[in-house]
Amino acid sequence: MSAPLNLVNFERVHKAFGTTVVLDDVSLGLAAGERIGVVGRNGGGKSTLLSLLTGADEPDSGRVTRRGDLAMGVLDQLGTLPAGTTVRDVVLPESMFAAEHEWAADPAVRSVLAGLELDRMGLDAPVAPMSGGERRRVALAAQLIRPLDLLVLDEPTNHLDVEGVAWLAEYVRGRAGGLVVVTHDRWFLDEVCTTTWEVADGNVHSYEGGYSAYTLARAERARIASVTEERRLNLVRKELAWLRRGPPARTSKPKFRIEAAQALIADEPPARDSMALKGFAARRLGKTVYDVEDVDYAVPTDDGPRTLFSDLTWHVGPGDRIGIVGVNGAGKTSLLKLLVGETQPDSGRVVVGQTVAPAYLSQHVTELPGSLRVVEAVQDVARIARIGNQEISASSLAERFGFAANRQWTPVGDLSGGERRRLQLLRLLMAEPNVLVLDEPTNDLDIDTLTALEDLLDSFPGTVLVVSHDRYFVDRVCDKVVALLGDGSLAELPGGVDEYLARRAAGGAPLTTAAGGGSGTASAPARSGPSAADARAAKKEAAKLERRMLKLDADEKKLHEELAAAAVDYARAAELDARLRALRAEKEQVEEEWLAAAEVAEG
């Protein structure tokens, strides 16, 4: 069988902006039928790669070739639409469908209209007054219904709820054409992509598989690099040892070796103090964080007030980690605004604990001081951050959030969307909150920043409330999931996002109202196995025990070496043997605990 035909080829492509090299001597090919996910840090060159691939930009050197009859569709982040048009004009143009029955009889077209909720918007709705999210869904639908050899999507999951993301993943998996997608949604990458391209340091590294396979391959690459680095450090140590052993007077030949050793040391990268982002000393929370009592709340519309919450009662306690999901327009953002006091209920009340010090991350970053530079915007909140027993300057902490020294004096108004999002998070955390209220925190963040944020939230001792369409992030960070389905109530889902999607797929089966998000008073179907929260807790415990077992293995190996060295010292050998027996007993206990936790985690 012949290899699939390449749709696009890069041959030794070089692209730079000023003195910054974005792509350096890159050669790659994109074959028909491939589904490629593009990942990398913000500013690393993902958008440049797409621009060169689609022909929107040209390389400084090298060549980009495309198949002559290539039919390609592109969705950019702006979702630009022609002025004065309607949904029908954009998605179902007369050039493709001369009569309505032509598209109405096509199940693929009907699936796109329903999956992206365009049927709810109305086909004759003008696009001009639409929100950014609605315009992007229209632009995405226009690309999905076209018969294309290659579909290029830049952040297609933005502004989609979890149900929309699940539908999109299933739809693009069933397409026959090729796909290139830039997204930070790791669940989507795993579900859809057969290949992952990582854009980093001017290169494009290709990995077979989706996000999980890419993560494993990246870890293996890092392991190999660390082995190479260890060999190099051994060479440094040998050279320095040779220098110390020799006499002070040297001939020309040893002098050369001295210079070689100094060159190795000079080229050595500085040691990094890998400080975990867990400090920010959260102030103690009392028994009450948020108590929502009998709340009614409606928003004005052209057709009159629309009720979002009706007689809503909900309890959020200290240490709760709750993900909030729901259909678009169900009131997720409105619920957060009620909690933080930006809006007031029509009736009922929201009780806030006396010790609550919240940090609210909204979907927008307009509250950033555009007249300041990055480091000034951080210092505007606090000049010194106290992390544990250490005090760290705003500049040092900004560097840990990905703002290198040369970026810290950039005006806030010149930052990219991802950089502004990182700065917003940094400013919130500098205030040392004990409650984090996060509305779509994953928007515009690259995967490395998401991983750092998740690592921080793992050790955050306060309460965390998250509204997000990123189900990977919700599953990773939250212990509980509640849902808004647009009927005015809040429902707790023991099965997490999977249960939410299953109930929605079953026709929006009614969910039991969650009167207590913290205590979980909502009734749920009988479950034969552990709850999703128990499974997630067991998974974290199993991971902790695995790390403990690795430490015990290393200690056991070290004791064996010490025993071998103390073979003729009977007293020392007896002491080491006793320690070894105690260590093995502890190791067996940890292994038993790990097996029990793993069994619960696997259900």
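Of the 603 residues in the chain, 45% are buried. Please keep in mind as you look around that this is a predicted model.

**The chain as a whole**

The fold is built from 19 helices and 20 strands. If we take the contacts between residues at least 6 apart in sequence, 68% of them join residues at least 24 apart. As for the surface, the chain exposes about 29900 Å², and carbon and sulfur atoms supply 51% of that area.

**A cluster of tyrosines**

Let us turn to the aromatic rings. The chain holds five aromatic pairs, counting rings whose centres lie within 6.5 Å. A pair of this kind is described by the distance of the centres and the angle of the planes. Two of the pairs are set out here.

| Pair | Distance of centres | Angle of planes | Class |
|---|---|---|---|
| Tyr 207 and Tyr 214 | 5.3 Å | 70° | edge-to-face |
| Tyr 211 and Tyr 472 | 5.7 Å | 85° | edge-to-face |

Why is the pair of Tyr 207 and Tyr 214 called edge-to-face? Their planes stand at 70°, and an angle over 60 degrees counts as edge-to-face. The planes of Tyr 211 and Tyr 472 are at 85°, so this pair is edge-to-face by that cut-off too.

These four tyrosines, Tyr 207, Tyr 211, Tyr 214 and Tyr 472, form one aromatic cluster. Where do Tyr 211 and Tyr 472 lie? Tyr 211 belongs to helix α9 (residues 211-245), while Tyr 472 belongs to helix α16 (residues 471-477). Their pair therefore ties together parts of the chain that are 261 residues apart in sequence.

How covered are the members of the cluster? Both Tyr 207 and Tyr 214 are buried. Tyr 211 has a relative accessible area of 9%, so it is buried as well, given that buried means under 20%. Tyr 472, at 28% relative accessibility, counts as partly exposed, because that value falls between the limits of 20% and 50%.

Another stretch worth a visit is helix α14, which covers residues 417-430. After α14 comes Glu 432, which has a positive phi, near 55°.

Finally, have a look at Arg 422: its charged end sits over the ring of Phe 403, 5.1 Å from the ring centre.

Note on methods:
Residues numbered from 1 in each chain as written. Predicted model: local features only at pLDDT ≥ 70, side-chain atom pairs only at ≥ 80, totals over all residues. Heavy atoms only, no water. Helix = DSSP H or I, 4+ residues; strand = E, 2+ residues; numbered from the N terminus. Expected span 1.5 Å × (residues − 1). Buried < 20%, exposed > 50% of the residue type's maximum accessible area, 1.4 Å probe, protein only. Contact = heavy atoms within 4.5 Å. Areas by Shrake-Rupley, 256 points an atom, 1.4 Å probe, with all protein chains shown as cover. Phe/Tyr/Trp six-rings, centres within 6.5 Å; stacked < 30°, edge-to-face > 60°. Lys NZ or Arg CZ within 6 Å of the ring centre and 35° of its normal.
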